[in-house]
Amino acid sequence: MTAANERRIRLVFIFTTTYAAIQAAGGWFSGSLALIADSGHMVSDAAALLLALIAYRVARRPADGTRTYGFHRVRVLAALANGATLLLLVVWIAWEAVQRINAPGEVLAGPMLAVAVVGLLVNVAGAYLLWSGNASDSNLRGALLHVLGDLVGSVGAIAAAIGIMLTGWALLDPLLSVLVAGLVVRSAWTLVSDSLRVLLQATPRGVDATQAETGIRSLPGVAEAGHFHAWTLADETIVATVHVSARPDADPLALPPVVSDWLKGRYGIEHVTVQVDPLGQLVSRGD
């Protein structure tokens, strides 16, 4: 089923990328900042689809003697670059929107409407392709959410074009562009913040190091626990290390599986390295 999902995402990526270019050209021709802004939104989604495709490919590449964790962080670096570029695009859209609100320009509502309708059809087709895939695939679910966001943007562009045709109120275009830019900011900032969190090896969301150590100390046979570290390798893959000491009446060799099972059940951490230190030699956190 993974291969079928990869084909679906690849096809939607081609649709999205092609239409983003058409939309940018249509926005330039019609003078619609809203279409240009929405094309930026679609570029962000195309990048997300590309990262999903890379995820499938990278997952198939084995680790080697130099890259023992494989190539997973390449996706994180790509996401960071993508998010930073999109934030710069949002600054430009906002600046241009302010200029057009102060001095509205002519917008060709007919071409704008035609391009927006094509976008709606493309997004409906893409959403259907992804919806029919495996719902348990996180890559597929994420791609579907992006496409649904594009669909909403296309509906907004259609509404603005019809509004301009009926009322001649060109301000609808820059106002919509600001709304679409807000959607881009949200997705771009999420990409940047999540990428930085991974690259800085911050504790994954939902994992508290102090609480984890306290919980480990309460396990049978554990006398001390410290030096707990957890970080995200890529996506939802979490890696953790921890030091423990055994009670005098406990078997030290029995502690690693006990601790690993507890961390897996409590935080969903699959890969845990547990070091057993002699009793009394384990110092507190913060060293």
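Predicted model: local features only at pLDDT ≥ 70, side-chain atom pairs only at ≥ 80, totals over all residues.

Colleague: Let us begin with Thr-16. Why is Thr-16 called buried?

Modeller: Buried means under 20% relative accessible area. Thr-16 has a relative accessible area of 2%, so Thr-16 is buried. Its place is in helix α1.

Colleague: What is Thr-16 in contact with, leaving aside its neighbours within four places in sequence?

Modeller: Thr-16 is in contact with Met-42, Ala-46, Leu-49 and Asp-150. Contact here means heavy atoms within 4.5 Å.

Colleague: Why does Leu-11 count as partly exposed?

Modeller: Partly exposed covers values between the 20% limit for buried and the 50% limit for exposed. Leu-11 has a relative accessible area of 37%, so Leu-11 is partly exposed. Leu-11 lies in helix α1, which covers residues 2-30.

Colleague: And which residues form a nonpolar patch on the surface?

Modeller: Leu-11, Ile-14 and Phe-15 form that patch, and together they have about 240 Å² of accessible area. Members of a patch need over 30% relative accessible area, and Leu-11 has 37%.

Colleague: Now the rings. How many aromatic pairs does the structure hold?

Modeller: The structure holds 1 aromatic pair. The rings are those of Trp-262 and Tyr-267, with their centres 6.1 Å apart.

Colleague: What makes the pair of Trp-262 and Tyr-267 edge-to-face?

Modeller: A pair of aromatic rings is described by the distance of the centres and the angle of the planes. Centres have to lie within 6.5 Å for a pair, and planes over 60 degrees apart count as edge-to-face. The planes of Trp-262 and Tyr-267 are at 85 degrees, so the pair is edge-to-face.

Colleague: Are these two buried or partly exposed?

Modeller: Trp-262 has a relative accessible area of 22%, so Trp-262 is partly exposed. Tyr-267 is at 12%, so Tyr-267 counts as buried. The cut-off for buried is under 20%.

Colleague: What is phi of His-227, and where is His-227 found?

Modeller: Phi of His-227 is near 55 degrees, a positive value in a residue other than glycine. His-227 is found in strand β1, residues 222-234. Its relative accessible area is 13%, so His-227 is buried.

Colleague: And where is Gln-201 found?

Modeller: Gln-201 is in the loop between α6 (172-199) and α7 (209-217). Phi of Gln-201 is near 55 degrees, again a positive value in a residue other than glycine. At 46% relative accessibility, Gln-201 counts as partly exposed.

Terms used: Residues numbered from 1 in each chain as written. Heavy atoms only, no water. Patch = residues over 30% accessible without salt bridge, like charges linked within 9 Å, V, L, I, M, F, W, Y side chains within 5 Å. Areas by Shrake-Rupley, 256 points an atom, 1.4 Å probe, with all protein chains shown as cover. Salt bridge = Lys/Arg side-chain N within 4 Å of Asp/Glu carboxyl O. Helix = DSSP H or I, 4+ residues; strand = E, 2+ residues; numbered from the N terminus. Buried < 20%, exposed > 50% of the residue type's maximum accessible area, 1.4 Å probe, protein only. Phe/Tyr/Trp six-rings, centres within 6.5 Å; stacked < 30°, edge-to-face > 60°.
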